[in-house]
Structure formats: structure tokens, C-alpha cells
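Let's take a walk through a protein together. Have a look at the sequence and the structure, and then we'll go piece by piece.

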Amino acid sequence: MAIPCNMVEPQKILSGQATCRDIVKCVYGLSDFELLIYKRLAKQGPLKADDLAPSLKKDRSTVYRALQRLVSSGLAFRETKTIERGGYYHVYTAVPPAQLKERLRRCADDWFENMRGAIDDFDLV
């Protein structure tokens, strides 16, 4: 997993000043809003975009885009439910926080090994 760090300054992480929130945003390239939705899903369980939008005071389309981002990042998954009279809807569930922590640990380990290899290969001449 690459570390884009487009939302958090890498210096903050390297200096030890980063919070877990900063690290999750950096590793997954999430916005504050997307991270808020992840936390809601993790606390409340499976939810529809229609359930989240009013409490977050956002359009359903905005919430849906954030949910899609979480799904594409692997932090949530989408399940399709069928309506008896016809039609369907989607329910979103967060990856459990313990699983997210393990992924972050693996990512940090991989990053550290990549950095170690780059330093070992460094040649000043």
C-alpha cells in the first residue's frame, strides 16, 4: 500500500506528532468528512447513505461519494439488499477498527522496510 500523504504533512508523522487520525488520512488519502463517515459506520453498524445524510447535514450524493471512497479504499464494504416489492438499496459497513489498525501496522512496516532498502542503496558518489 502506498503512502500518498496528500492530506497530512509527512514531517508531522516522521516527527512523532501525528495522531492515529492523521495517519489514517495519510495512508488512505481520506478527507475529514470521509473519516467521520468511517467512524459513524464503525460505531453504529451497517447504514444506508439515506440514514447518514440527515445526521451529517449533507446531501445524500455527497455522503454516497464519501462512502464510495471508503469502499474503494477498502475501509468499508457495500452490500446490496433486495426490496420485496422490487428494487434494491445498498448498506455500508466499516471494516472493524482492529482490522484497520492491523492494516496500518503492516503499511508502516512495509514503508519502513522500503525506506531501509532505499537508505542501504544510497550512494553519495
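Which elements do the buried residues of α3 pack against? Quite a list: α2, α4 (49–56), α5 (60–73), β1 (76–82), β2 (88–94) and α6. Keep in mind that this is a predicted model.

To place those names, step back to the whole protein. It has six helices and two strands, and from the N terminus on they run α-α-α-α-α-β-β-α. Of its 125 residues, 32% count as buried. Among contacts with a separation of 6 or more, 47% are between residues 24 or more positions apart.

Now back to α3, which covers residues 32–44. The buried residues here are Phe33, Glu34, Leu35, Ile37, Tyr38 and Leu41. Just after α3 comes Gly45, with a positive phi of about 90°.

Next, find α2 (residues 20–28) and α6 (residues 97–120). Two packed helices are described by the angle between their axes and the distance between the axes. For this pair, the axes come within 11 Å and cross at roughly 70°. The two helices are therefore roughly perpendicular to each other, and α2 passes α6 in a left-handed crossing.

Who meets whom there? On the α2 side you'll find Cys20, Ile23, Val24, Val27 and Tyr28, and they meet Leu100, Arg103, Leu104 and Cys107 of α6. Sorted by type, the residues of this contact are eight nonpolar, no polar and one charged.

Conventions
Residues are numbered from 1 along each chain as its sequence is written. This is a predicted model: local features need pLDDT of at least 70, side-chain atom pairs count only at pLDDT 80 or more; totals for chains, interfaces and linings use all residues. Side-chain values use heavy atoms; hydrogens and water are left out. Axes are lines fitted to C-alpha atoms, for helices over the stretch in contact, and angles run from 0 to 180 degrees between N-to-C directions. Helices (H or I, at least four residues) and strands (E, at least two) are DSSP runs, numbered from the N terminus. Angles under 35 degrees count as roughly parallel, over 145 as roughly antiparallel, 65 to 115 as roughly perpendicular and the rest as oblique. A crossing is left-handed if the near helix is turned anticlockwise from the far one by less than a right angle, and right-handed if clockwise. Contact means heavy atoms within 4.5 Å. Ala, Val, Leu, Ile, Met, Phe, Trp, Tyr, Cys and Pro count as nonpolar, Asp, Glu, Lys and Arg as charged, and the others, Gly among them, as polar. The expected span of a helix is 1.5 Å times one less than its number of residues. Buried means under 20% relative accessible area, exposed over 50%, partly exposed in between (1.4 Å probe, protein chains only).
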